[in-house]
Structure formats: C-alpha cells, structure tokens
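Dear colleague,

I am handing over the structure below, and my notes on what was found in it follow directly after. Please read them alongside the coordinates.

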Amino acid sequence: MHANAPAPAPDEIRALVAPLTALEGPLLPMLHALQREYGFVPQDAVPVLADLLNLGRAEVHGVISFYHDFRDAPAGRHVLKICRAEACQAMGCDAVAETALQRLGVDWHGTTRDGAVTVEPVYCLGLCACGPAAMLDGQVIGRVDRDRMGQLLDEVGA
Ligand code: FES
C-alpha cells in the first residue's frame, strides 16, 4: 500500500482476518495477514482484533509493538535494515547507522519524506562474522562501513 493510499475500513479489516479466528493462537497470523495485505498493521485493526479475539485493546497493541517487524505505517519504496546487535556493534555499526539516519533525515523506523527509504533496526542478520551488516530490500550485505552505506543510499536514490 502506498503511503498516501486511504487506510482500509474496519469492515475490510474484519473480512480479512475473521477467517483466521479458528486457528490456535490466531493473533500473530492475523497480524501477518494484515501486514502482508496492506504493508503495515492499520491502527483501526486494533479494536477489530480485540473484538474478534475477546482481548483488551492494550493487549493487542502490546503484541504489535513487541514485534519490530510489524509496522504502523506503510514502508518506503526501499527498506534498509541496519544490524544493531552485539557483534555488529563491536565492528562500528553505530557510526554506520548514524551516517544513514543523518543523511536521510529520519530516526529509526522513519521513512524519508519522499517515501524512498524506511530505516529499521534489526538484531542480527546472521552475518556476525562480516559486520557491520545491513539488509537492503531483503538482500543481506556485510562489511558495511560509512562509505559502503553511502553507496547503498546512492543506489536507492536517497
Ligand atoms: S550481530 Fe549483526 S549480523 Fe549478527
């Protein structure tokens, strides 16, 4: 879903997730279904899910916010994930991240104003021996120093 697309109506949300109610532990499958369909979990989904699953809204919100992969707004055209876990920290990921965030003018989870790039933290990409690691549009990249980060941002037109 594009950043400027209208948010889905509660009835549409209900129609999408209601068939999953019978699953064991249905909340996570429902959240995944919403994110797959819309690219994020709409705020209006919270009361719908709470009603369907007989949960409090705070409980639903708590689960959404616990898992970093669930977004509350559409992502940009490119998604840049930067590893912030221990091994990458030891290799200087903080400086790489600072370079990216400053150049893009966003904070973590932010999307540039032109909708080009969303930056997200990630906690290990399985590339610990080649840190600092990042992932751009699903492709894992190792040894990302400041210069390499600059090149990656050039590639996505940021
Ligand atoms: S700690 Fe960064 S890839 Fe594992």
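Tyrosine 123 is found in the loop between β2 and β3, where helices (H or I, at least four residues) and strands (E, at least two) are DSSP runs, numbered from the N terminus. This is a predicted model, in which local features need pLDDT of at least 70 and side-chain atom pairs count only at pLDDT 80 or more, while totals for chains, interfaces and linings use all residues. Residues are numbered from 1 along each chain as its sequence is written, and side-chain values use heavy atoms, with hydrogens and water left out.

With a relative accessible area of 46%, tyrosine 123 is partly exposed; buried means under 20% relative accessible area, exposed over 50%, and partly exposed in between (1.4 Å probe, protein chains only). Leaving aside neighbours within four places in sequence, tyrosine 123 is in contact (heavy atoms within 4.5 Å) with His68, Cys83, Arg84 and Ala85.

Threonine 112, in the loop between α6 and β2 (117-122), is by its relative accessible area of 9% buried. Not counting residues up to four places away in sequence, threonine 112 touches Leu104, Val106 and Val117, and a polar atom of its side chain lies 3.1 Å from the backbone nitrogen of alanine 116.

Turning to the helices, α7 (residues 146-155) has Met149, Gly150, Leu152 and Leu153 as its buried residues. They cover an arc of only 160° around the axis, which puts them on the same side of α7, the arc being that of the directions from the helix axis to the C-beta atoms. These buried residues pack against β1 (78-83), α6 (93-104), β3 (134-136) and β4 (139-141), whereas Asp147 and Glu155, on the other side of α7, are exposed. At the N-terminal end, aspartate 145 caps α7, with a side-chain oxygen 3.3 Å from the backbone nitrogen of aspartate 147, and after the helix comes glycine 157, whose phi is positive, near 75°.

Finally, helix α2 (residues 27-38) and helix α3 (residues 45-53) pack at an angle of about 150°, with their axes 11 Å apart; axes are lines fitted to C-alpha atoms, for helices over the stretch in contact, and angles run from 0 to 180 degrees between N-to-C directions. The two helices, α2 and α3, are therefore roughly antiparallel to each other, a term used for angles over 145 degrees. Their contact is made by Leu27, Met30, Leu31 and Leu34 of α2 together with Ala45, Leu49, Leu52 and Leu53 of α3.

Methods: Polar contact = N/O pair within 3.5 Å; in protein donor to acceptor, adjacent residues only side chain to side chain. Parallel < 35°, antiparallel > 145°, perpendicular 65-115°, else oblique.
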